[in-house]
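Hi there,

Here is the structure I promised to pass along.

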Amino acid sequence: KNINDALKNIYAQYDKLFKSKKDVFIFMTAGYDSRTNLALAYKYSLKYGNKISLVRIKTIEFEYETNSPSYIQETKEDKIVNEIAKDLQLSIINYKIDPKISKNFNNIISQDARYIRMYPNIPRPGTSNHFLILNDIKKLSPDSIVIGLQTDCHKGIGYKLVKDINKDYKL
């Protein structure tokens, strides 16, 4: 197998997903991975007419720490995502999460067996935030597609788990 086979598989999976004409929510950090997800989604949404919404997550504490590295990074990402959304005429859903609520919820949910089975390989503490946001997205659009949950797998940690791209990686 080579990169062309992988790309063919990715295109086929996006085509199969977008044929459903479901609404699509894309988690955006403004990094290359989320922009690649958006580029593919946008291509297939033009073909099938899916509505795309961009999703951003912020913790409330960053608003008050204007000199923190996290705030500066969030501000840069916001600018990029806003420009992309404007250029493509897409809406952005901004979620703000209070870190105290997030921490309390994370302490509760991370000990729940169902949650552990759903997220066995994701050690990231922000996963509980995704759980809250996914529930909200499913209320907005129960039969939607969600792409790019900002997990560490896109940094390469989870790639070693994929042995056969046709069998192990299904969108």
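Ile-3 sits in helix 1, which covers residues 3-18. Please keep in mind that this is a predicted model. With a relative accessibility of 60%, Ile-3 is exposed, because exposed residues are those over 50%. Together with Leu-7 and Tyr-11, Ile-3 makes up a nonpolar patch on the surface, and the three share about 270 Å² of accessible area.

Now for the interior. In soluble globular proteins, nonpolar side chains tend to be buried together. Here the largest nonpolar core contains 19 residues, and Phe-18, Ile-26, Leu-38, Ile-52 and Leu-54 have the most contacts inside it. At least two residues of this core come from each of helix 1, strand 1 (24-27), helix 2 (32-48), strand 2 (52-59), helix 4 (69-88) and strand 4 (145-147). Helix 2 gives the largest share, five residues. Leaving aside residues up to four places away in sequence, Leu-38 touches Ile-26, Met-28, Ile-52, Leu-54, Ile-84, Leu-88 and Leu-90. There is also a second, separate core of nine residues, with Phe-27, Val-55, Tyr-95 and Leu-134 among them.

Two backbone details may interest you as well. Lys-21, in the loop between helix 1 and strand 1, has a positive phi of about 60° although it is not a glycine. Lys-21 is exposed, at 54% relative accessible area. Gln-89, in the loop that runs between helix 4 and strand 3 (91-97), is another non-glycine residue with a positive phi, near 55°. Gln-89 counts as exposed too, with 72% relative accessibility.

Notes: Residues numbered from 1 in each chain as written. Predicted model: local features only at pLDDT ≥ 70, side-chain atom pairs only at ≥ 80, totals over all residues. Heavy atoms only, no water. Patch = residues over 30% accessible without salt bridge, like charges linked within 9 Å, V, L, I, M, F, W, Y side chains within 5 Å. Areas by Shrake-Rupley, 256 points an atom, 1.4 Å probe, with all protein chains shown as cover. Salt bridge = Lys/Arg side-chain N within 4 Å of Asp/Glu carboxyl O. Helix = DSSP H or I, 4+ residues; strand = E, 2+ residues; numbered from the N terminus. Buried < 20%, exposed > 50% of the residue type's maximum accessible area, 1.4 Å probe, protein only. Core = buried A, V, L, I, M, F, W, Y, C linked by side-chain atoms within 4.5 Å. Contact = heavy atoms within 4.5 Å.
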